Amino acid sequence: MSVAYELKQKRAALTERLQQLERERVDIQELIGALDRVILSYEPDYQASALTRPEQGNRSRKDKPSSSEVKAAMNVVNKRQAVLEVLREAGEPISVTDCAAKFAAKIGIPSEPANLSDITHRLSAVLTQLTTAGRVRQSGQFDGRKILWEVAA
């Protein structure tokens, strides 16, 4: 295996870990919000910590496109063609998560965990269609779980 391939695999693992941490952060913030609401029921004068407040849903729309905006951006692109281009440009088998990140960059969607999750879900269906059409194939697994994809010769 080449050094570049190993580095890409390490990058993919780190990207997945970052996405997992973001999901954990969101879960923890929801729990903190729930605790704040319960505390308020017992102590009406309670003031939540300033540390937790700014993150509780006060993001601007520019920070994170909604699922409908991701869907709209994807609807103006030929997804099958774009996925094939991404796989060709990669030059080696890649996971659907890596494909989603490259796809997002290609169509100009920020590579945030929520966006990548939505794109990954949508591209999984595209990859299945392309597999049925004989255009792509599964090429083993990474980490024993993630399927790697490549253009079928």
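Helix 1, residues 3-42, and helix 4 each supply at least two residues of the lining of the second largest pocket. Keep in mind that this is a predicted model. The volume of that second largest pocket is about 150 Å³. Which helix gives the largest share of its lining? Helix 1 does, with four residues. The lining includes Lys8, Gln9, Arg11 and Ala12, and also Asp98, Ala101 and Lys102. Sorted by class, the lining has five charged, four nonpolar and one polar residue.

Now to the helix contacts. Two packed helices are described by the angle between their axes and the distance between the axes.

Take helix 3, residues 79-90, and helix 4, residues 96-107. Their axes come within 10 Å and cross at roughly 115°. Angles of 65 to 115 degrees count as roughly perpendicular, so helix 3 is roughly perpendicular to helix 4. The crossing of these two helices is right-handed. On the helix 3 side, the contact is made by Lys79, Ala82, Val83, Glu85, Val86 and Glu89, and on the helix 4 side by Cys99, Lys102, Phe103 and Lys106. By class, that is five nonpolar, five charged and no polar residues.

Helix 3 also meets helix 5, residues 113-132; here the axes come within 10 Å and cross at roughly 85°. That makes helix 3 roughly perpendicular to helix 5. Lys79, Arg80, Val83, Leu84 and Leu87 of helix 3 make the contact with Leu123, Val126, Leu127, Gln129 and Leu130 of helix 5. This contact has seven nonpolar, two charged and one polar residue.

Notes. Residues are numbered from 1 along each chain as its sequence is written. This is a predicted model: local features need pLDDT of at least 70, side-chain atom pairs count only at pLDDT 80 or more; totals for chains, interfaces and linings use all residues. Side-chain values use heavy atoms; hydrogens and water are left out. Axes are lines fitted to C-alpha atoms, for helices over the stretch in contact, and angles run from 0 to 180 degrees between N-to-C directions. Angles under 35 degrees count as roughly parallel, over 145 as roughly antiparallel, 65 to 115 as roughly perpendicular and the rest as oblique. Contact means heavy atoms within 4.5 Å. Ala, Val, Leu, Ile, Met, Phe, Trp, Tyr, Cys and Pro count as nonpolar, Asp, Glu, Lys and Arg as charged, and the others, Gly among them, as polar. A crossing is left-handed if the near helix is turned anticlockwise from the far one by less than a right angle, and right-handed if clockwise. On a 1 Å grid over the protein atoms alone, a cavity is a set of points where a 1.4 Å probe fits but cannot get out, and a pocket is an open set with protein on both sides within 12 Å along at least five of seven lines; lining residues have an atom within 4 Å of a point. Grid points are joined across faces, edges and corners, and a volume is the space filled by probe spheres set on the points.
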